[in-house]
Amino acid sequence: MVKITDEMLLSVEKPGRYIGNEINVVYKDAHSIDIRFAMCFPDVYEVGMSHLGIKILYHEMNEREDTYCERAFAPWPDMEKVLRDNKIPLFSLETREPLCNFDMVGFTLQYEMSYTNILNMLDMSGIPLLSKDREGFPFIVFGGPCAYNPEPLADIADFFVLGEAEEVINEILDVYKDWKKANRSRVEFLDEVSKIEGVYVPSFYNVEYKSDGTIKSRIPKKEGCKNIIKKRIIKDLNKGYSIDKMIVPLIDIVHDRIMLETFRGCTRGCRFCQAGMIYRPVREKTVNTLMEYADKLLKNTGYDEISLTSLSICDYSDLKKLIFGLIEKYKGDKVGISLPSLRIDSFSVELINEIQKVRKTGLTFAPEAGTQRMRDIINKGVCEEDLINSVTCAFESGWSKIKLYFMIGLPLETMDDVAGISDLAYEVVDSYYKVPKDKRKKGLSVTVSTSSFVPKPFTPFQWDAQDKIDTLMEKQYFLKDKIRDRRITYNYHDSKTSFLEGVFARGDRRLTKVLIKAYEKGCKFDGWREYFDYDKWMEAFKECNVDPSFYANRKREYDEVLPWDFIDIGVSKRYLVNEREKASRGETTPDCRIKCTGCGIAKFIEDGECFNGANFSKVHENK
Amino acid sequence: MERILVKFTKINNIKFISHLDTMRTLNRAMRRAGIDIMYSCGFNPHANISVAAPLQLGIESVSEYADINIQSTVDLKKFKDSLNNALPLGLKIVEAVKIEGKKPSAMGSVAAASYSIKMKAMKTTEDEIKKVIENIMSQKEIVRLKRTKSGEKDVDVRPFIIDIKYVDLCEEELSLRLLLRTGSRGNISPQMVTEIIEDFSNKSICNAHSIVREEIYAQKNEKLIDLCSYLLGE
């Protein structure tokens, strides 16, 4: 246990980040435990504690009597300095135990720009950065969405978990417990754990490259290594472990409310969206299950707000019944219901109007692209009329602040498509003035935000070149110039950050050394504008003799071996190729609740049935 | 509706959360304990809990006070126990009393607070320390820059220091007791007083490493009475 003095805590910003002691935190006698697991989020406390996944795994692991799961987050640089100056290793919040004394240290990979923070957290713990140097130290395990391209972290990880970790974690812990009792070698554990479906041990494979730098082949180093790693999923979310309590932080965090997970997966098939592919198939929780867990969570946390989470909440098949059920049941208790992500249809505006009787702050819509041509290419199944109807409905209901999300740099994009973003914003302004003066609220404000498209693995655009930084900036300036209206604000993302994200999203093993080099140069908190240092990154690429644009800006052929090809997410490559071809032709693909589009996931799940019995009334009503 | 005055502690690591975070934590504890709190009317209903005097981050307290309005009658012991079960370590209700009749709010009653502080005293003696204190107390005026809602301005803070008492000096650790004006009619933070002590001692007394609020007082005629007794009308 490390000693953190009051003086140290008083010298840093927000000391509440480091004190633990929250509501529902788990305390166990660490000495009577077989396995100590440190669950880490490579960002600051307020961000990490807003993530539902680590809360689920924390409580699920702590259900086991033989395991004690604790948490650690990236200390903010002021605290890092205090710890390093006093030679204090990074510690867990529960028992203030240095991470190097744990059996396993797990990191969730939520975004590529957090990778340097992982290295920093390992270094602060005194744990060697490379797996091969880690004899006598904890096993480092990675999971989360970015693990679907594990290769840039291949030399750092001891192993990866692909898919939903709740489904696998108990198998891993069982194997570990046996291994620890038998007092066997490190590689013997990796051997054993690699036999579990969904577990990938990168050190068991060699990668050979062609002279043009692309991958020639992956070769298992020994017999018995799986050629294909299948992701793991929970078949029925209504069965098995479900979270009924969660840690309630003592300080304000980014998402400080109950997150009630309604379903996983998405049937829309937007071609840019990785989540829409990797989380298939759609699995819903029933209204009864959700009502039951909402009740437990409210009682156990004391929160007064429930956020219904999923990839696109308005697709939940019984949404009205769920929302009105919750409102009716908790109207005396002042519980608020919120919907985080909105698709454009007037139904959702009416619904929001119903649940937010007070304080009409702002409404966010994501048309994603400015022209119908572009929206067809990305298969975002909405049209301009949908948007205008929805915002009109919003203006009529008393909203006057609208946010619109778009992407620039999408495949096949022309300047006309970029111009379409500004045209659409002006049409939203026009539709405000079409609402009679006495019916609309004063103070119209339209915020247009563009993010820069990053092609991701396991999407139909995984072969496409990302726009170069200059091209992205040209498009941003073009829009900035075109949007000259005090009622419209235009925001855009830093294109250098998007470029680096693009490099690591589709990178391979050769990036590990660049990552370490950049870290050694001082790169950390790359997702935070005040810390991101593009020049240092470019120096690191140069010194390692790695060309970043090879990964970000190069168009791949369909027959190229991609670094993540050995992972089976259930959606077939054939389907992705077909979707990419349809994009070129501007053809759309229907929502798969209407008609099966043959993505392959039905074959992947043993019983062969998508949706496990959800009813689709909502989608059919719409079409 | 019933008004309950609670006295609670905020000690150990929980001193590192802000006043707003403390309010939020109290509110959620009430909800977990299943206490029927009253909610304010208006656009954004919030629980009817009001803490008598905000405590700055980093300062501990063994007697914080809050008014809580609840909907229906409760058994006070049950109220206290269930709330304590729901509170995090360091926050603890030590007393809960019903306030009947027309009484001022806890917040509106605050006139002063006492603190015990620990500072480092190097190369100095009890006598010298006492002289420093005497010197401070004999000043007619001590002007300090104070941050207010309307910006920063120079204020004579001397009237807000009611008393500084020497308690003990042990291996360079000096214990003092401060009695300071607190609340809307005049307020000085204990940190500012420790800075004044640092200045008047030429830094031979420095580094206030522990500050604990011991009691909060209301004023009746010329006498200071602890908030609980005052509101109970004793």
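This note covers the contact of chain B with chain A, the two domains of chain B, and two residues of chain A.

1. Basis. The model is predicted: local features need pLDDT of at least 70, side-chain atom pairs count only at pLDDT 80 or more, and totals for chains, interfaces and linings use all residues. Residues are numbered from 1 along each chain as its sequence is written, chains are lettered from A and ligands numbered from 1 in the order in which they are written, and side-chain values use heavy atoms, with hydrogens and water left out.

2. Chain B against chain A. The contact (heavy atoms within 4.5 Å) involves 27 residues of chain A and 22 residues of chain B. Between them the chains bury about 2100 Å², with 55% of it on carbon and sulfur atoms; buried area is the accessible area (1.4 Å probe) that two parts lose on being put together, summed over both. On the chain B side, Phe16(B), Arg28(B) and Arg31(B) account for 31% of the area buried against chain A, more than any other three residues.

3. Three salt bridges are found between chain B and chain A, a salt bridge being a side-chain nitrogen of Lys or Arg within 4 Å of a carboxyl oxygen of Asp or Glu. Arg24(B) forms a salt bridge with Asp252(A), with 3.8 Å between the closest N and O atoms. Helix H1 (residues 19-32) of chain B gives the most to the side of chain B that touches chain A, namely six residues; helices (H or I, at least four residues) and strands (E, at least two) are DSSP runs, numbered from the N terminus. That side of chain B holds eleven nonpolar, five polar and six charged residues. Here Ala, Val, Leu, Ile, Met, Phe, Trp, Tyr, Cys and Pro count as nonpolar, Asp, Glu, Lys and Arg as charged, and the others, Gly among them, as polar.

4. Domains of chain B. The assignment gives domain 1 (2-102) and domain 2 (109-232), with bounds that come from an automatic or database domain assignment. Their C-alpha centres lie 27 Å apart. The contact draws 19 residues from domain 1 of chain B and 16 residues from domain 2 of chain B.

5. Area between the domains. Domain 1 and domain 2 of chain B bury about 1400 Å² between them, 60% of it on carbon and sulfur atoms. Ile59(B), Glu60(B) and Tyr65(B) supply 32% of the area that domain 1 buries against domain 2, more than any other three residues.

6. Links between the domains. Two salt bridges are found across this interface. The side chains of Arg213(B) and Glu64(B) meet in a salt bridge at 3.0 Å, N to O. On the domain 1 side, strand S1 (2-10), strand S3 (60-70) and strand S4 (91-98) of chain B each give two or more residues. S3(B) gives the most, with six residues.

7. Gly586(A). This residue lies in the loop between helix H20 (573-584) and helix H21 (601-604) of chain A. Gly586(A) counts as partly exposed because its relative accessible area is 31%, between the limits for buried (under 20%) and exposed (over 50%; 1.4 Å probe, protein chains only). Beyond four places in sequence, Gly586(A) is in contact with Asp376(A) and Ile377(A). The C-alpha atoms of Gly586(A) and Arg373(A) are 6.7 Å apart, with 213 residues separating them along the chain.

8. His51(A). His51(A) sits in the loop between helix H2 (45-48) and helix H3 (52-62) of chain A, and counts as buried at 19% relative accessibility. Not counting residues up to four places away in sequence, His51(A) touches Phe41(A), Thr108(A) and Gln110(A).
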